[in-house]
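Please open the model in a viewer and keep the sequence at hand.

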Amino acid sequence: MKSVPKTGLYLSTKNVEGMRLVVEDVFAEEGDDFYLVNVIDEASKDDFSAMGDEMDGEQWEALVAEYGLVHQP
């Protein structure tokens, strides 16, 4: 397993440049490889009626690999 993602803004560096996603929450247990990530596009992050996505660690890591997502400190 790769490291659990940090909350905050992630930018795409390939395929869909300009894609901006916000990781709102990460749910992980210490010592467990399983985790859940709640993510929403940056444009909708302050819209309380907007729906984000919940994905498990494998889905998140596939998304990171496909779009080259990089955390912005």
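Select L63 in this predicted model. Apart from its neighbours within four places in sequence, L63 is in contact with L21, M55, G68 and L69.

In soluble globular proteins, nonpolar side chains tend to be buried together.

Now turn to the charged side chains. How many salt bridges does the structure hold? There are two.

For one of them, select E42 and R20, whose closest N and O atoms are 2.4 Å apart. This pair links distant parts of the chain, as its residues lie 22 residues apart. R20 belongs to strand β2, whereas E42 is in the loop between β3 and β4 (53-56). E42 counts as partly exposed because its relative accessibility is 25%. R20 is likewise partly exposed, with a relative accessible area of 34%.

Finally, select K45 and D46, whose side chains meet in a salt bridge at 3.9 Å, N to O. Are these two residues buried or exposed? K45 has 37% relative accessibility and therefore counts as partly exposed. D46 has a relative accessible area of 60%, so this residue is exposed.

How values were computed: Residues are numbered from 1 along each chain as its sequence is written. This is a predicted model: local features need pLDDT of at least 70, side-chain atom pairs count only at pLDDT 80 or more; totals for chains, interfaces and linings use all residues. Side-chain values use heavy atoms; hydrogens and water are left out. Contact means heavy atoms within 4.5 Å. A salt bridge is a side-chain nitrogen of Lys or Arg within 4 Å of a carboxyl oxygen of Asp or Glu. Helices (H or I, at least four residues) and strands (E, at least two) are DSSP runs, numbered from the N terminus. Buried means under 20% relative accessible area, exposed over 50%, partly exposed in between (1.4 Å probe, protein chains only).
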